Amino acid sequence: MTKTLKTAVRKKKAPERPSAQQFTFGYLVHDVSRIRRTVMDLLMRPYGITRSQWSVLSTLSRAGNDGMMQVDLARLMEVGKVTVGGLIDRLEASGHVERRADANDRRAKRVFITEKGFEVIGLMIELAATMNRRILEGVSDADREVCEDVLLRVKQNLKDVLREQGGLSLIEGED
C-alpha cells in the first residue's frame, strides 16, 4: 500500500452513528432522580435503612393508612413480588412494618407501617427537606415553580399516552 493510500485510509471519517443527545430532557430527569436517590441513600445509611427499604416505606406512606397488598407494592416499585416479599420480611423483622389480614379477604395480607416505621419516615422527611434546600440552592422560587409545573404537565402527558396505549393500569395507585 502506498503512503498516499495509507493516509487516505487513516483520514477516512467514521460513518455517522445515531446519538440520543437530542433527548436531553429525559436524560436529565432520569439522572437528577438517580443522583438524588444516591444522596438520600447516603443520608439514610447511618440509620441502618437501605435504599430498597426506605423505598418500600416511602411507597407505603404515600398509599395512606389502609396498608397495601404486596402485589400492588411490587407493581408500584417496579420490582418482582419475591423481591418485595424479602424486603417486607426484613422490615417486619426489624419492626418497621407488619402484615395483617385484609378486611375483605382473610387469606390476603396487607402491609402496614408500624410506629417505628413512621419514625423512620419522619427522619426521611427531615433529611429530604434539608437535602432539598441544599440541592435547590441558587434556584429561585419562581424557577422551581415553573419546573414543577412543567414536570406535572409532562407527567400528565405521559399518563395520557399510557391511557391511549391501554397501559394506565401499569401505574395505577400513583398520584
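This is a predicted model: local features need pLDDT of at least 70, side-chain atom pairs count only at pLDDT 80 or more; totals for chains, interfaces and linings use all residues.
The side chain of Arg99 forms a salt bridge with Glu92, and the closest N and O atoms of the two are 2.7 Å apart. Glu92 is likewise assigned to the partly exposed class, with a relative accessibility of 31%.

A second salt bridge links Arg100 to Glu98, with an N to O distance of 2.8 Å. Arg100 has a relative accessible area of 37% and is therefore partly exposed. Glu98, at 30% relative accessibility, is also partly exposed. Aromatic pairs, by contrast, number zero in the structure.

The pair formed by Arg110 and Asp102 has another setting. Their side chains meet in a salt bridge of 3.1 Å, N to O, and both residues are buried. Side chains of opposite charge can pair when their charged atoms come close. In total, eleven salt bridges are counted in the model.

Attention now turns to helix H2, which spans residues 24-44. Asp31 is placed in this helix and counts as buried, because its relative accessibility of 15% falls under the 20% cut-off. The side chain of Asp31 is joined to that of Arg34 by a polar contact of 2.6 Å.

Phe25 also belongs to helix H2. Its relative accessibility is 44%, so Phe25 counts as partly exposed. Together with Val29, Val146, Val150 and Leu151, Phe25 makes up a nonpolar surface patch of about 410 Å². Which helices each supply at least two residues of the nonpolar patch? They are helix H2 and helix H7, the latter covering residues 141-164. Helix H7 provides the largest share of the patch, namely three residues.

Helix H6 comprises residues 115-135, and Ile135 is found in it. Ile135 is partly exposed, because its relative accessible area of 44% lies between the 20% and 50% limits of that class. Although Ile135 and Arg36 are 99 residues apart along the chain, their C-alpha atoms are separated by 8.8 Å.

The phi angle of Glu78 is near 60°, a positive value in a residue other than glycine. Is Glu78 buried or exposed? With a relative accessibility of 69%, Glu78 counts as exposed, because this value is over the 50% cut-off.

Terms used. Residues are numbered from 1 along each chain as its sequence is written. Side-chain values use heavy atoms; hydrogens and water are left out. Helices (H or I, at least four residues) and strands (E, at least two) are DSSP runs, numbered from the N terminus. Buried means under 20% relative accessible area, exposed over 50%, partly exposed in between (1.4 Å probe, protein chains only). Patches are made of residues with over 30% relative accessible area and no salt bridge: like charges are joined within 9 Å, nonpolar side chains (Val, Leu, Ile, Met, Phe, Trp, Tyr) within 5 Å. Accessible areas come from the Shrake-Rupley method with a 1.4 Å probe; for residues, only the protein chains shown count as cover. A salt bridge is a side-chain nitrogen of Lys or Arg within 4 Å of a carboxyl oxygen of Asp or Glu. A polar contact is a pair of N or O atoms within 3.5 Å; within protein, one must be able to donate a hydrogen and the other to accept it, and residues adjacent in sequence count only if both atoms are side-chain atoms. Rings of Phe, Tyr and Trp (its six-membered ring) pair if their centres lie within 6.5 Å; planes under 30 degrees apart count as stacked, over 60 as edge-to-face and the rest as tilted.
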